[in-house]
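Please read the following report alongside the sequence and the model.

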Amino acid sequence: MKKECEIVQDLLFGYQDGTLHIASKELVEKHLKKCEECNKVFNEMKKDEVEESAQEEEIDYLKKVKKKMSKKNKLLIIIGTILGVIILFNIFIFVYYYHEARKVEIYLNSDVTEEQMEDIKNAIENIDKNAKIEYYSKEDALNELKEKFNDNKDLLAGYGGDNNPLNAYYVINTSIENARKIESLEGSLPGIKKITTNLSYNPYEFILSNIAIELTSN
Ligand SMILES: [Zn+2]
């Protein structure tokens, strides 16, 4: 009996897989019907197999979850990067705007007198005594324009000397608040043709108009 048990237990794996010859299969079945010990071993084997496949399923599940997580992480990284770029771009726009919005340009009449120019300077200094005032003559204005249209020299070739339709101007660097006050000088002082600032733009319009100017002048 003991000997038969050993043989049957050796055959149990094959029996479970269904790879036994018919004679061996019948031997195992016959033996299992009468031997409690071998039945026990066979039941243990069946239990192990169920557990193993459950473990495999669990591993598969974990792999899937991991894959999903890494997809999610990638998405988060992409969204984070996009948000970061948007935030940086906005910071750049606002810094640029608040730097440029403090600039005022005052264009002078072509028949402006020395005295009027002195009055204009004094009016600016009354508003902001630390304002940085730069003067550009008609010639400076023309040269600046010629430099801008360097690729198209013929366009401005006829201008210069007495034939200069441009106006002299001041560029004033001040605070945004004072830029507004200086802007309101327009119309109140003789000699001023026009005052321009960037204050009427919001930062986005401002950057867009600057990009447009850059694109058209290049
Ligand atoms: Zn047995």
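## Overall form

Of the contacts in the protein chain with a separation of 6 or more, 71% are between residues 24 or more positions apart, two residues being in contact if their C-beta atoms, placed from the backbone, lie within 7 Å. The model is predicted, and local features need pLDDT of at least 70, side-chain atom pairs count only at pLDDT 80 or more, while totals for chains, interfaces and linings use all residues. Residues are numbered from 1 along each chain as its sequence is written.

The protein chain holds seven helices and four strands, where helices (H or I, at least four residues) and strands (E, at least two) are DSSP runs numbered from the N terminus. Read from the N terminus, the order of elements is α-α-α-β-α-β-α-β-α-β-α. The radius of gyration of the protein chain is 45 Å, well over the 17 Å that the globule rule gives for 218 residues, so the chain is more spread out than a compact globule; the radius is taken over C-alpha atoms, and the rule is 2.2 Å times the number of residues to the power 0.38. Along the principal axes, the C-alpha trace spans about 130 × 45 × 20 Å.

Buried residues amount to 10% of the 218 residues in the protein chain. A residue is called buried if 20 or more other C-beta atoms lie within 10 Å of its own, exposed if 12 or fewer do, and partly exposed in between, with C-beta atoms placed from the backbone.

## The sheet

The four strands form an open sheet in the order E2-E3-E1-E4, with antiparallel pairing. Strand E2 (132–136) and E4 stand at the edges with a single partner strand each, so one side of each has no neighbour in the sheet. Neighbouring strands are turned by 20 degrees against each other on average, direction ignored; the axes behind this angle are lines fitted to C-alpha atoms, for helices over the stretch in contact, and angles run from 0 to 180 degrees between N-to-C directions.

The pairings are set out below, two strands being paired if DSSP finds at least two bridges between them.

| Strand pair | Sense | Bridges |
|---|---|---|
| E1 (residues 103–108) and E3 (residues 169–173) | antiparallel | five bridges |
| E1 and E4 (residues 192–197) | antiparallel | five bridges |
| E2 and E3 | antiparallel | five bridges |

Individual partners can be named for these pairings: Val 104 has Ile 172 in E3 as its bridge partner, Leu 108 has Ile 192 in E4, and Tyr 136 stands opposite Tyr 169 in E3.

In a regular strand the side chains alternate between the two faces of the sheet. In strand E1, Val 104, Ile 106 and Leu 108 make up a covered face, whereas Lys 103, Glu 105 and Tyr 107 make up an uncovered one.

## The nonpolar core

Which residues touch the most other members of the largest nonpolar core? They are Val 104, Ile 106 and Ile 172, within a core of 14 residues, a nonpolar core being a set of buried Ala, Val, Leu, Ile, Met, Phe, Trp, Tyr and Cys residues joined through C-beta atoms within 7 Å. At least two residues of this core come from each of E1, helix H4 (114–127), E3, helix H6 (176–183) and E4.

Leaving aside residues up to four places away in sequence, the residues that Val 104 touches include Ile 172, Ala 179, Ile 182 and Ile 195. Ile 106 is buried, with 29 other C-beta atoms within 10 Å, and under the same exclusion Ile 106 touches Ile 120, Tyr 169, Tyr 170, Ile 172, Ile 192 and Ile 195. The C-alpha atoms of Ile 106 and Lys 121, 15 residues apart along the chain, are separated by 10 Å.

Helix H3 (residues 36–100) includes Leu 83. Its 65 residues should span 96 Å at 1.5 Å a residue, and the end C-alpha atoms of H3 are 95 Å apart, which agrees; the expected span is 1.5 Å times one less than the number of residues. H3 is hardly covered, as the count of buried residues among its 65 residues is two.

Leu 83 counts as exposed, with 10 C-beta neighbours inside 10 Å, and the C-alpha atoms of Leu 83 and Lys 2 are separated by 76 Å. Met 69, also placed in helix H3, is exposed with 10 other C-beta atoms within 10 Å. Met 69 and Asn 202 are 133 residues apart in sequence and 42 Å apart in space, C-alpha to C-alpha.

One of the 13 residues of H2 is buried, so H2 lies largely in the open.
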